[in-house]
Amino acid sequence: MMHELRLETPRSLAEASRILKETGGKVIAGGTDVIPQMRDGRFEANTLIDLSRLPDLDTIKEEGDFIVIGALANYTSIRQSQLLQETVPMLLEVAGLVGGLQTQNRGTIGGNVVNASPAGDTLPPLLALNAEVVLNNSDGERTIPLSDFLQGPGQTAIAPHELLSEIRFQKPPAGTKSTFLRLGNRRGMVISIVSAATMLLLDGGNKIEEVRIALGAVAPIPIRCPEAEALLQGQVLTEALIEQAAEMTVKAGSPIDDVRGTATYRQHGIKVLVRRGLLKLGGLR
Amino acid sequence: MTETIGKSLPRIDAYGKVTGETLYPGDIDRPNQAYGKILFARRPHAIIRSLDTSKAQALEGVVAVFTAKDVPVNEYGLIMPDQPVLCGPGSDKPFAERVRFVGDQIALVVAETEEIAAEARDLIEVEFEDLPVVTDPVAACDSDAELLHPDKESNILLHYPIRKGDVEKGFEEADVIIETEYNTPAQEHAYLAPESGLGYIDDEGRVTVEVAGQWAHEEQEEIAHALDLPLDKIRVIHPAIGGAFGGREDLSIQLVLALAAYRLNERGIDRPVKIIWSREESIIGHHKRHPYVIRAKWGATKEGKLVAAKSEVIADAGAYAYTSTKVLGNATLMVSGPYICPNVHVDSYAVYTNHVPGGAFRGFGGPQGAFAAESQMNKLAEVIGMDPVEFRMRNVVRDGDEIAVQSPLPKGVTLDEVIETCAVAGGWQKNGTWGRDGKGTDTNKHIKRGVGFAAGFKNIGFSFGFPERCWATIELHGDSEIEKVVLHHAGSDVGQGAHTVFKQMAAEAVGVDFDKVELLVADTAVTGDSGSSSASRMTFMAGNAIRGAAELALQKWQDEDRPAIAEFNYNPPATTPYDPETGKSEKPNFAYGYVAEVIVVDVDTETGHVHLVDVICANDVGKAINPQQVVGQIEGCVVQAAGYAVLENFIQTGGEVQTAMFSNYLIPTILDIPDRVQSIVIENADEVGPWGVRGMSEMPYIPFAPAVTAAVHDATGVWFDDFPLTPERVLRGLGKF
């Protein structure tokens, strides 16, 4: 179990890709997932590739109609981003709920995406945003939808020598509201038992122009709720309609029992969070 | 010279702890030290058929591997020696080759580094024969249950009966009867500093252990017993201690550290050995608060008189006895409450299972007993249609009233005043009878507000016949006037501020300024036995010892002794054990603390979250030597009890601990603690306590959980008889699924 561990600190994405290809090492950014995994002996690697010194991969910017978040952007920078506050406030909410301040200063959005935990808190908002991920290797890059990238608990479509460099999504239309809600067994520093990201755009007459609902911790990967979204689309938002949609979202999940909560509690939680999210965004409560 | 007691003087340890200068055991390094790693059983019940350490011994960098055959007297236990120091073959101790819980220790590897020690530990080959795992303390009582200790006749470790009056006749007189089964959970102490420390041979050839503990002289005795060495060949030092809460009452790493130092020295290897447990090792390796099953049947008249209280109490003692006598003893007394009741019938049992041992934890069984008692009181009040404060005031014991053990509490019973003070602060009024208007405003239709009340009492010290003692020595230095006072005292400052209070009491007793007192503390080489820093006893006991020593030293000073040195061993009034047939006891304890709480909660009926809004705690402390510290103890106790009542869910499945990390054993964060805590410090002098001091640091725990469940009932109409009140449990209780 004891072995030498080499630490590589590449200074460019190209160098990082090259080292990754040569060594097949374990990539580390903030270390909030990798270090505990290492301590518990959950992976074996002779080389750690520390991405934290790569330039420009921690920026949050607009590119045309898109918002681009560098994989190395940490939760604190997301929490403090003016751009995200104006466009996707739920990302600020989620960043403020991850761990404590120390974790928020270290943990990166790219790490949360690549770790692909069913309970990863940034994933439902990014799914709701129809986000794409940009993957690099020494030969070039490819962009795929997050929904294709996530394949199972801890499993993604990332190829052995690929690095996640960016997360991109279309800027929601002006007036779009969004919120992230979750249930845990305590108020802070907790892994979600259920989470829900909700986005809503109403026209002047309270009719739904666009709605998106994504859930975390209720299936092997975070999921969208297409049936409920279809039910709501184009309708006038009422409490009765919200109740109907919330009921529908329960069927989207396939939760399990674990040490944090039972499947039954999770199913109940889905309904509560979706209802609360839509009521809040619709100004009905 | 000014008065020093009753003042909120700053803690003498504050500066060092804030700046990081203070060394906790894990921070201390000694030249040439080696590192130890323990092989834990990691299975709940098995016989070790073979143990092969040869590969571990052969690994480069390994200094030694110790197993059961290396322990001179392979047994340990504060109340009875039922646990092997190291489990496995090769010692004289019968059945020592058995492991009985996941944290049983099998071997100690000593190596050049912690990493090598861990690698060598994993090379030890153990062949286990698994035995049936006993997890249900009720089923474990059956005569055909698998025995944890084959040399005992039964898994029932202890049984305390109480018989007073005729409980069946009492039920006949009752207009209402409430019958309930209560289940209280295990709880992890979760102190900041996991177990860590050093074992070495000191300059005078003593086997020395530097660790965090609660009772240095008891640890010294246990080590001497296991190593078969005279007491004066053993030295225990307690450096700064990062919390204890009863979790360091029993021993953890002390015995193996001493064993390693002793055996290495025999082999001519003079190297200190250091052990630091990981959080996971700490959580499986030390005892927990006993889980309890309590079946209570109580009756009262329509007029609000309690007439019968029958309780069956079953404590899950886990694998070994630890301090079950004390924990069960208190629960046996507290399960009938501080109320007048002519007919009482209690049978309480502590039962072996393959769970992590149950042991000392703030309140020592009091919170468990009080949960049943106070819940019964609240339910009876409800069915009679009487306010819960009014119902208590009609039954509360006052001076001269008999409690369940057929004797009155020591004079100076103030619970009636404590209840009234707390109730008034919580919005109650007395208009003929006690009552409270409304329960506050619901936040919205899903978030319901409720208010709950509970009261409690608890003994100071272990007592029930235990020979309590506390030693102090005072030196007075100077010529014409006293220039310096040196206090020797063993009492452990586990973080509660004991040493600051010792210094205040010594200054007061001698009549000098605070700054003139120097302390020599927490080292068996320079102090006598002070007893444990637990059971709310240390300020009470130390104060009397210090006063006694100061009086004698001042006499010698008058007689021109320079320096004037005197020692004093304080023995409080003698106490009596429970009568084995009736539980009758003339004086089970020499002093008590009294407490009452009003708790306001918001219950989210959609998510099941219970939020603590207000806690009002009235605590008769007798005399607050340092009021700031007293309030700190109340607030800390409230936070810990809040975790117990609402949040902390220690899960063991088939004897395996499912929650051995802080990512799945959730303790309160700053977002989870009550919004407001109002500490009401009442000072009615105890007749025996120094300057009137009573003990206080466990009291706020006692009524906390039943006050929370009463508040949740007020909010939702549902009684919760099991806790912690996790969101899932609450929603199930509310019938949401």
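**View 1. A salt bridge links Arg275(A) and Glu606(B).** In this predicted model, the two side chains meet with 2.5 Å from N to O. The rule finds three salt bridges across the interface of chain A and chain B. Helix H12 of chain A, residues 263–281, gives six residues to the side that touches chain B, the largest share. That side of chain A divides into eight nonpolar, seven polar and five charged residues.

**View 2. Chain A meets chain B.** Here 20 residues of chain A are in contact with 27 residues of chain B. The size of an interface is often given as the accessible area lost when the parts come together. The area buried between chain A and chain B is about 2,200 Å². Carbon and sulfur atoms give 59% of that area. Eleven residue pairs are in polar contact across the interface, both residues at pLDDT 80 or more.

**View 3. Five strands of chain B form an open sheet.** The order is E7-E16-E15-E14-E8, and the pairing is mixed. Strand E7 (156–164) and strand E8 (176–184) are the edge strands; each pairs on one side only. Neighbouring strands are turned by 5° against each other on average, direction ignored.

**View 4. Strands E15 and E16 of chain B run parallel.** Nine bridges join E15 (residues 306–318) to E16 (residues 344–352).

**View 5. Helix H9 of chain B lies across E8, E14 and E15 of chain B.** The helix spans residues 366–384. Strand E14 covers 292–300. Helix H9 runs at about 150° to E8(B).

Notes: Residues are numbered from 1 along each chain as its sequence is written. Chains are lettered from A and ligands numbered from 1 in the order in which they are written. This is a predicted model: local features need pLDDT of at least 70, side-chain atom pairs count only at pLDDT 80 or more; totals for chains, interfaces and linings use all residues. Side-chain values use heavy atoms; hydrogens and water are left out. Contact means heavy atoms within 4.5 Å. Buried area is the accessible area (1.4 Å probe) that two parts lose on being put together, summed over both. A salt bridge is a side-chain nitrogen of Lys or Arg within 4 Å of a carboxyl oxygen of Asp or Glu. A polar contact is a pair of N or O atoms within 3.5 Å; within protein, one must be able to donate a hydrogen and the other to accept it, and residues adjacent in sequence count only if both atoms are side-chain atoms. Helices (H or I, at least four residues) and strands (E, at least two) are DSSP runs, numbered from the N terminus. Ala, Val, Leu, Ile, Met, Phe, Trp, Tyr, Cys and Pro count as nonpolar, Asp, Glu, Lys and Arg as charged, and the others, Gly among them, as polar. Two strands pair if DSSP finds at least two bridges between them. Axes are lines fitted to C-alpha atoms, for helices over the stretch in contact, and angles run from 0 to 180 degrees between N-to-C directions.
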